[in-house]
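Biologist: Hi! Could you walk me through this structure?
Modeller: Happy to, here it comes.

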Amino acid sequence: MKSMVVLVSGGGTNLQRIIDCIGTGEIPNAEIKLVVADRECFGLQRAEKHGIKNVIIKRGKNFSEKLTDVLPENTDLIVLAGFLSILNKEFCERFPGKIINIHPALLPKFGGKGMWGHHVHEAVLKTGEKESGATVHFVTSGIDEGKIILQKSFEISPNETVESLADKVHEVEYSIFPEAINMVLKDY
Ligand code: GRF
């Protein structure tokens, strides 16, 4: 049985998708040992509802050290599912190939500092991109720079808004995230 820790900062619909996929067997032989949030958020309540151990580590200085302290032994994969804090270099280097993130755009475009949530979709629309999508990638100390595991795109429609784009990106995320998790866990 593979063991995961999921990090969240927001609504946690991607966390919910992972929980559901474990339930249906779409993500086989895996469990979420712990959910960590860096602030009060609905994602924590989702964990609680499903009986998954959960904890808040307040965002800010020493977050990565405190996270190290609570990580269960033998954690196979650390999954960032809408997580807004930056993990420090030491943490990223301690777990090479064991931390993955979902990003709401087609990296390497629209990544890096400040590129999160609605900022990403605003930038995509402003630039007049023809397509957007989502990317699952390994986390390294460079923000959004780690190797891409899986990516899926769709066409942007002429009347697209930030909200409609966010909805479409979420749908893509729900499809590629479980698949990417399976791809990575398979190699452990
Ligand atoms: C997702 O779009 C993810 O790519 C981004 O934040 C959003 C989180 O959504 N980093 P949710 O909390 O999983 O609903």
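Modeller: Let me start with a definition: rings of Phe, Tyr and Trp (its six-membered ring) pair if their centres lie within 6.5 Å, and planes under 30 degrees apart count as stacked, over 60 as edge-to-face and the rest as tilted. This is a predicted model, so local features need pLDDT of at least 70 and side-chain atom pairs count only at pLDDT 80 or more, while totals for chains, interfaces and linings use all residues. Residues are numbered from 1 along each chain as its sequence is written, and side-chain values use heavy atoms, with hydrogens and water left out.
Biologist: Okay, how many aromatic pairs does that rule give?
Modeller: The count comes to two. In one of them, the rings of phenylalanine 63 and phenylalanine 83 have centres 5.5 Å apart and planes at 40°, so this pair is tilted.
Biologist: And where do phenylalanine 63 and phenylalanine 83 lie?
Modeller: Phenylalanine 63 is in helix H3 (residues 63-70) and phenylalanine 83 is in the loop between strand E4 (77-80) and helix H4 (89-94), so the pair ties together parts 20 residues apart in sequence. Helices (H or I, at least four residues) and strands (E, at least two) are DSSP runs, numbered from the N terminus.
Biologist: Switching to the ligand: which residues are around it?
Modeller: Among them are Gly10, Gly11, Thr13, Asn14 and His103; a residue counts if one of its heavy atoms lies within 4 Å. Helix H1 (13-24), strand E5 (99-103) and helix H6 (162-186) each supply at least two residues of that shell.
Biologist: How much of the ligand does the protein bury?
Modeller: The protein buries 84% of the 370 Å² that the ligand exposes when taken alone, by the Shrake-Rupley method with a 1.4 Å probe.
Biologist: Last topic, the backbone: which peptide bond is cis?
Modeller: The one from leucine 107 to proline 108, with omega near 10°. Proline 108 lies in the loop between E5 and helix H5 (117-127).
Biologist: And what is the phi of asparagine 74?
Modeller: Asparagine 74 has a positive phi of about 60°, although it is not a glycine. Asparagine 74 is in the loop between H3 and E4. Most residues other than glycine have a negative phi, and most peptide bonds are trans.
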